[in-house]
Amino acid sequence: MINIPYLTALTTLFSYGLLFAFGQLRDLFRKFLEWFSSNKLQGYAPICLGLEDFYTRRLYLRIQDCFGRPIASAPDAWIDVVERYSNDYNKTLKRTTNTTRCLNLGSYNYLGFAAADEYCTPRVIESLNKFSPSTCSARVDGGTTVLHEELEDLVARFVGKPAAVVFGMGYVTNSAILPALIGKGALIVSDSLNHNSIVNGARGSGATVRVFQHNTPSHLEEVLREQIATGQPRTRRPWKKIIVVVEGIYSMEGELCKLPEIIAVCKKYKAYTYLDEAHSIGAVGKTGRGVCELLGVDPADVDIMMGTFTKSFGSCGGYIAGSKELVKYLKYACPAHLYATSMSPPAVQQVISAIKVILGEDGSNRGAQKLARIRENSNFFRSELQKMGFEVLGDNDSPVMPIMLYNPAKIPAFSRECLNQKVAVVTVAFPATPLLLARARICISASHTKEDLIKGLEVISKVGELVGIKYFPVEPEKQQLEGREKLE
């Protein structure tokens, strides 16, 4: 639960109210102009009603230069950001041939595998020459290579499950798996801040969906007890199946899931546990095995383990790990496996090589060094931001650290000024977050050096002071320097 300062909440609401009021006035003026327009399709209903895209037209477009910035390099510690300009007040943006070299604090390249790697890159190039960029087929047709089978065995061994199946897209792994696992007459109990892929998968399943307060096991127990007592809507029959869905690290909050307590509740009420480790697998835990390892949870206690290869492994796609019966069923029943083109072989090889580095099977200790560095970098950066007076969400060891902005005017101000100072940050606003809870999401990588982090902190501190987002008293500069000395 985020406690917004009273004055900040008041000014944020006033700002949005002002924007909406002026937007509605402009829409009213627009309607008068449309009455005299003759280019409308006669007899057709509007393909997009005014209210449906009001937010996009009147708010988002004015600051769209802060989003979707094209890059012209690998998403490493430093990136080349393509410069853009607009001649129509941000309605359209045009690219230039110029780029700006910026410190990258936005990509979730947690272990630094997204750039060239001495072990991974040669093997990826070799697989490209051998298998081509695409299989041009679904897994059940001609789209399964020896690499896909090797990766599934390796993932199962890495996360501690009997079997695994991989998919070509992380988002689809959630949105397609849930409808295959559960349907009408069953119950999904979802954390209130679960990712959109989980929300869409739950909606598409046809199952009844109930939500519990974010990361609150006690409320989860209340919801389960109530739903088990009342049964299915109208018929009051017992639920056919109950699945509780949570995330390892919540991508917009940077918080670790209270997994041991949630598993205890699920066991008590005989509910299955579905764990999304998109942002935690490879990034946390002594050997990179995610929140189960970090929090001391036996993987056998988690019924369905989901994860993606787009974060820590520098590739694309996702996986589901579980029992052999579960994986076999999904291979026969999941549309993402049956009909979608399989994962690109070079992308598969990238994941295989990255996991082998993490496990030390490349003959070096680089994997252990990367894991230690991402943990040290994340904890150092978070503590320094807090000392500077920023409101930072999340837990220690999490490489995701949102800095709260709140006010809509501070979103473009923070983003643009950081870019001017050669630091690339990601700002997030509605609908990805609640309307009043806009933020900048900082993602730390093992590829960041101490100098990179200090550079980022200096810029963020300066810009934060400028736009007024230091909501807490600033600690003495001496304490900040002591924190930097600890990193050394």
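Strands β12 and β13 run antiparallel and are joined by three bridges. Strands (E, at least two residues) and helices (H or I, at least four) are DSSP runs, numbered from the N terminus, and two strands pair if DSSP finds at least two bridges between them. Val426 has Arg441 in β13 as its bridge partner. The model is predicted: local features need pLDDT of at least 70 and side-chain atom pairs count only at pLDDT 80 or more, whereas totals for chains, interfaces and linings use all residues. Residues are numbered from 1 along each chain as its sequence is written, and side-chain values use heavy atoms, with hydrogens and water left out.

β12 and β13 belong to an open sheet of three strands in the order β10-β13-β12, with antiparallel pairing. β10 (400–406) and β12 (426–428) each have a single partner strand and stand at the edges, so one side of each lacks a neighbour in the sheet. On average, neighbouring strands of this sheet are turned by 30° against each other, direction ignored (axes are lines fitted to C-alpha atoms, and angles run from 0 to 180 degrees between N-to-C directions).

The largest pocket holds about 850 Å³ of space. A pocket is an open set of points on a 1 Å grid over the protein atoms alone, where a 1.4 Å probe fits, with protein on both sides within 12 Å along at least five of seven lines; lining residues have an atom within 4 Å of a point. Of its 36 lining residues, Leu193, Asn194, His195, Asn196 and Ser197 are the closest to the centre. The helix α6 gives the most to this lining, with six residues.

Technical notes. Points joined across faces, edges and corners; volume = space filled by probe spheres on them.
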